[in-house]
Amino acid sequence: MNINKIDLNLLIYLDVLLRECNVTRSANKLNITQPAMSNGLKRLRDLLNDPLLVRTSEGMKPTEKALRLQPIVRKVLLELEEALQPEADFNESTSTRVFRIMASDYAASTVIPKLLNRLREYAPGITLDIMTPSDVTFHDVEAGKIDMAINRFEELPQSFHQKSVWFDTFVCMMSSKNPIKDHFDIEAYLQAQHIWVSKTGFGVGVGMDPTDVQKLGWVDEALQTLNHKRSIRVFTRSYHTAMHLALEQDLIATLPKKVAMVNKKNPDLVILDPPFNIPQIELKMIWSPLLHHDASHIWFRRQVIDVANELKDQSEQ
């Protein structure tokens, strides 16, 4: 195929069509008419000698060729958009920019308060818009609609930029009135009732099954390697809820150390090392390649890392 015959607009049409799998929605995304979108699809089919989208009982589905082309087209368009981004100076002291961040409950409890204090001092006009994992999709981040996502991620699209914020260990939190605090070994841990808390990735959470160890996460997988299983009484996706419930005399919350240290001065709570080894977790921040060279974004990423380093130093003292 002669590449000179390819209209750049057709690549944009193809990118949107393969994400939406619907001509009407694609037309709305691009602010063009449905007939124009249909004509674009016809031109793409003729150019590529492939139907690209075929109608099934479940709606329009991409062909094998379309699935092979999709990540390539997306990468080309993202790189082109990034290259064409205008350069501009950034003055944080006068900026009124809004930074939209998807932050897990873990990140929101640790990084965000310190970050807000820093912005109050150096960039008083900047506003933070904090979103939860349920509010955001990977596409939102990739398209630059969300400035940054801070969470623990198992898999990420290759187009994203990412940076490690920190690694964290686990601790156990319980009431100061919990009798097992004075003889806290693995037997005492297994005999206790537990609070499960976790939420990673994007999308709406689903109900938990206490028997599905693979979905329960790091703590329960670590126990499984020892042929042990804990008794979970409460499931929650909120670390603040877990720490509040840990005030109950018969419940234990096993959670990352940096979030537990938020309550280190609470005399009604005790923080102890777990009586078995749990692998570290990594908190990452990710962002779109479209924002990578933006001056304001570069400055903001630096603030997040500076805050994270301060928190790491404090936790080691």
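This report walks through a few helices, a strand and some single residues in a predicted model.

## Helix α1 and what follows

Let's start with α1, which covers residues 8-20. This helix has 13 residues, and from its first C-alpha to its last it reaches 19 Å. That is close to the 18 Å you'd expect at 1.5 Å a residue. Quite a list of α1 residues is buried: Leu-10, Tyr-13, Leu-14, Asp-15, Val-16, Leu-17, Leu-18 and Glu-20.

Now look just after α1, where Cys-21 takes a positive phi of about 50°. Cys-21 does this although it is not a glycine. You'll find Cys-21 in the loop between α1 and α2, and α2 spans 23-30.

## How α1 meets α3

At what angle do α1 and α3 pack? The angle is about 105°, and the two axes are 10 Å apart. Angles of 65 to 115 degrees count as roughly perpendicular, so α1 and α3 are roughly perpendicular to each other.

Which residues make the meeting happen? From α1, Leu-10, Tyr-13, Leu-14 and Leu-17 take part. On the α3 side they meet Ala-36, Met-37, Gly-40, Leu-41, Arg-43, Leu-44, Leu-47 and Leu-48.

## Asn-49, out in a loop

Helix α3 covers 34-48 and strand β1 covers 53-56, and Asn-49 sits in the loop between them. Like Cys-21, which has a positive phi of about 50°, Asn-49 isn't a glycine but has a positive phi, here about 55°.

Is Asn-49 buried or exposed? Its relative accessible area is 71%, and the cut-off for exposed is over 50%, so Asn-49 is exposed.

## Asp-140, a charge without a salt bridge

Asp-140 belongs to helix α6, made of residues 138-142. Asp-140 is buried, yet it has no salt bridge. The nearest side chain of opposite charge is Lys-145, 4.4 Å away.

Leaving aside residues up to four places away in sequence, Asp-140 touches Asp-135, Lys-145 and Ile-146.

## Cys-172 in strand β7

Finally, Cys-172 lies in strand β7, residues 170-175. Its relative accessibility is 0%, and buried means under 20%, so Cys-172 counts as buried.

What does Cys-172 touch, not counting residues up to four places away in sequence? Its contacts are Phe-184, Tyr-189, Ile-252, Ala-253, Thr-254, Val-270, Ile-271, Leu-272 and Pro-274. Take Phe-184: it is 12 residues from Cys-172 in sequence, and the two are 10.0 Å apart in space, C-alpha to C-alpha.

How values were computed. Residues numbered from 1 in each chain as written. Predicted model: local features only at pLDDT ≥ 70, side-chain atom pairs only at ≥ 80, totals over all residues. Heavy atoms only, no water. Helix = DSSP H or I, 4+ residues; strand = E, 2+ residues; numbered from the N terminus. Buried < 20%, exposed > 50% of the residue type's maximum accessible area, 1.4 Å probe, protein only. Lys, Arg positive; Asp, Glu negative; His and termini not counted. Salt bridge = Lys/Arg side-chain N within 4 Å of Asp/Glu carboxyl O. Contact = heavy atoms within 4.5 Å. Expected span 1.5 Å × (residues − 1). Axes fitted to C-alpha atoms, helices over the stretch in contact; angles between N-to-C directions. Parallel < 35°, antiparallel > 145°, perpendicular 65-115°, else oblique.
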